[in-house]
Amino acid sequence: MGDLFKLIDDFDVTEEEYWAAVNLLNALGSQTQFGLLSPGLGFDHFLDMRQDAIDAEAKRTGGTPRTIEGPLYVAGAPEADGFARLDDEATEGETMWLTGQVRDVDGTPIPGAKVEIWHANSLGGYSFFDPSQSEYNLRRTIYADSEGRYTARSIIPPGSAMRSLSRF
């Protein structure tokens, strides 16, 4: 709490500014949008930096660099083994295929690796945050096969709406 009080003093926050911030957080919370504010404030990156320091101290190196999950990651997507269709079959767009292989830092395939994939629809909206989409549309969790491989079928949103993210 002391740090919050210091912040209010350091920035000379007025009552109006304070209550405007409270109202913003209330509005974001009522629309499941706080997840969009969190990375903008740097919280996710700060957590990554802390974990990087823990890994470095434990002499864990190599592999894919850590990065924030979103802000549009949502846990609990439907799970599949090896292959998944991401769209809900009502989503319009040209078919695309995503394939990959998960390997450890020595290049050895990782059987059963958990791959989480999500992306925007043709309007740039993400399911869970966009009420016009079905739950978990364009989101899946795929467990890699015995060779660490996975495949996903989805749609290519036209224009700049394609903002794919995947988390391994």
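Q: Let's say contact means heavy atoms within 4.5 Å. Which residues does isoleucine 110 touch, not counting residues up to four places away in sequence?

A: Isoleucine 110 touches Val102, Arg103, Asp104, Ala144, Asp145 and Gly148 on that count. A word on the source: this is a predicted model, where local features need pLDDT of at least 70 and side-chain atom pairs count only at pLDDT 80 or more, while totals for chains, interfaces and linings use all residues. Residues are numbered from 1 along each chain as its sequence is written, and side-chain values use heavy atoms, with hydrogens and water left out.

Q: Thanks! Where is isoleucine 110 found?

A: Isoleucine 110 is in the loop between β3 and β4 (114-118). Strands here are DSSP runs of E with at least two residues, helices are runs of H or I with at least four, and both are numbered from the N terminus.

Q: And is isoleucine 110 buried, exposed or partly exposed?

A: Isoleucine 110 counts as partly exposed, because its relative accessibility is 31%. The scale calls a residue buried under 20% relative accessible area, exposed over 50% and partly exposed in between, using a 1.4 Å probe and protein chains only.

Q: How far is isoleucine 110 from serine 146 in space, C-alpha to C-alpha?

A: The two C-alpha atoms are 7.5 Å apart, although isoleucine 110 and serine 146 are separated by 36 residues in sequence.

Q: Zooming out, how many helices and strands does the chain have?

A: There are 4 helices and 7 strands. Along the sequence the pattern is α-α-α-α-β-β-β-β-β-β-β.

Q: What share of the chain's residues is buried?

A: Buried residues account for 31% of the 168 in the chain. As for contacts between residues at least 6 apart in sequence, 76% join residues at least 24 apart.

Q: Which strands form the open sheet, and in what order?

A: The open sheet has 3 strands, ordered β2-β6-β3, with mixed pairing. β2 and β3 stand at the edges with a single partner strand each, so one side of each has no neighbour in the sheet. The twist from one strand to the next averages 15°, with axes as lines fitted to C-alpha atoms and angles running from 0 to 180 degrees between N-to-C directions. Two strands pair if DSSP finds at least two bridges between them.

Q: How many bridges hold β3 and β6 together?

A: β3 and β6 (residues 149-156) pair over 8 bridges in the antiparallel sense. One of the bridge pairs is glycine 100 with tyrosine 150 in β6.

Q: What about β5, which strands pair with it?

A: β4 pairs with β5 in the antiparallel sense over 5 bridges, and β1 (residues 79-81) runs parallel to β5 with 3 bridges.

Q: How many residues of β4 and β5 are buried?

A: In β4, 4 of its 5 residues are buried. β5 also has 4 of 5 buried, so β5 is largely enclosed by the rest of the structure.

Q: Which residues make up the largest nonpolar core?

A: That core has 11 residues: Ala80, Ala84, Leu86, Val102, Ala113, Val115, Ile117, Ile142, Ala144, Tyr150 and Ala152. β4 and β6 are the elements that give two or more residues to this core. Another core of 9 residues lies apart from it, including Leu72, Tyr73, Ala120 and Tyr136. A nonpolar core here is a set of buried Ala, Val, Leu, Ile, Met, Phe, Trp, Tyr and Cys residues joined through side-chain atoms within 4.5 Å.

Q: New topic: where does aspartate 87 lie, and is aspartate 87 buried or exposed?

A: Aspartate 87 lies in the loop between β2 (83-85) and β3 (94-101). Aspartate 87 is buried, at 4% relative accessible area.

Q: What does its side chain reach?

A: The side chain of aspartate 87 makes a polar contact of 3.0 Å with the side chain of arginine 85, and it also reaches the backbone nitrogen of glutamate 89 at 3.0 Å. A polar contact is a pair of N or O atoms within 3.5 Å; within protein, one must be able to donate a hydrogen and the other to accept it, and residues adjacent in sequence count only if both atoms are side-chain atoms. Leaving aside neighbours within four places in sequence, aspartate 87 is in contact with Asn137, Leu138, Arg140, Arg153, Ser154 and Ile155.
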